[in-house]
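Student: Hi, could we go through this one together? I'd like to begin with the side chains and then move on to the strands.

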Amino acid sequence: MSLVVGVVTIGLLTVTIRLWLRRPRPLIRTPERKDRRRSSRVALATPVFVYGWLADEPFAENTETLNVSAVGGLIQLSAKVIPSQELIITNLQTNEDLACRVARSIGTENGKTLAGLDFLQASPNFWQIDFVSNQPSASID
């Protein structure tokens, strides 16, 4: 009899744990998106040339930025790029090339792709803008 009680107890305990793990949980507020950014963004339409590879085929496209930051930018492409894909972007105002990776890509209703780009190496002057840092400044006594 004691074996049956033990088995039933373990069964009830297992069901209770599974139900507890599946319980609805209150939404946890994450920091506002602006708090998570490494650099402030600026709306800027700068002409750029982007090239890279799609599958085994090279592609190249002229476009312009929608917004930029010290660590990357947002562009709209006809090419269907995917996150972590590496590209080369050329600022057509300065003819400077820079390697970047797609941090985020979103398909649009018009069949294009919005691509958030992160520079692979620091280049805070790539856009020829002085950005304000999100980091608190150190005070000097």
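Student: Are Phe 126 and Trp 127 buried or exposed?
Tutor: Phe 126 and Trp 127 are both buried. Keep in mind that this is a predicted model.

Student: Okay, and how many aromatic pairs does the structure hold?
Tutor: There are four aromatic pairs in the structure. One of them joins Phe 126 and Trp 127, with 4.7 Å centre to centre and 80 degrees between the planes.

Student: What do you call that geometry for Phe 126 and Trp 127?
Tutor: Edge-to-face, because the angle between the planes is 80 degrees and the cut-off for that class is over 60.

Student: And what about Phe 119 and Trp 127?
Tutor: Phe 119 and Trp 127 form a tilted pair, at 6.0 Å centre to centre with 35 degrees between the planes. Phe 119 is buried, as is Trp 127.

Student: Nice. Switching to strands: which way do E2 and E3 pair?
Tutor: Antiparallel, over eight bridges; E2 covers residues 47-54 and E3 residues 57-69. Within that pairing, Pro 47 stands opposite Glu 64 in E3.

Student: What happens in the hairpin between E2 and E3?
Tutor: Two residues lie between the strands, and Ala 55 takes a positive phi near 55 degrees.

Student: Where does E5 come in?
Tutor: E5, residues 86-91, pairs with E2 in the antiparallel sense over four bridges. There, Tyr 51 stands opposite Ile 88 in E5.

Definitions and conventions: Residues numbered from 1 in each chain as written. Predicted model: local features only at pLDDT ≥ 70, side-chain atom pairs only at ≥ 80, totals over all residues. Heavy atoms only, no water. Pairing = 2+ DSSP bridges. Phe/Tyr/Trp six-rings, centres within 6.5 Å; stacked < 30°, edge-to-face > 60°. Buried < 20%, exposed > 50% of the residue type's maximum accessible area, 1.4 Å probe, protein only.
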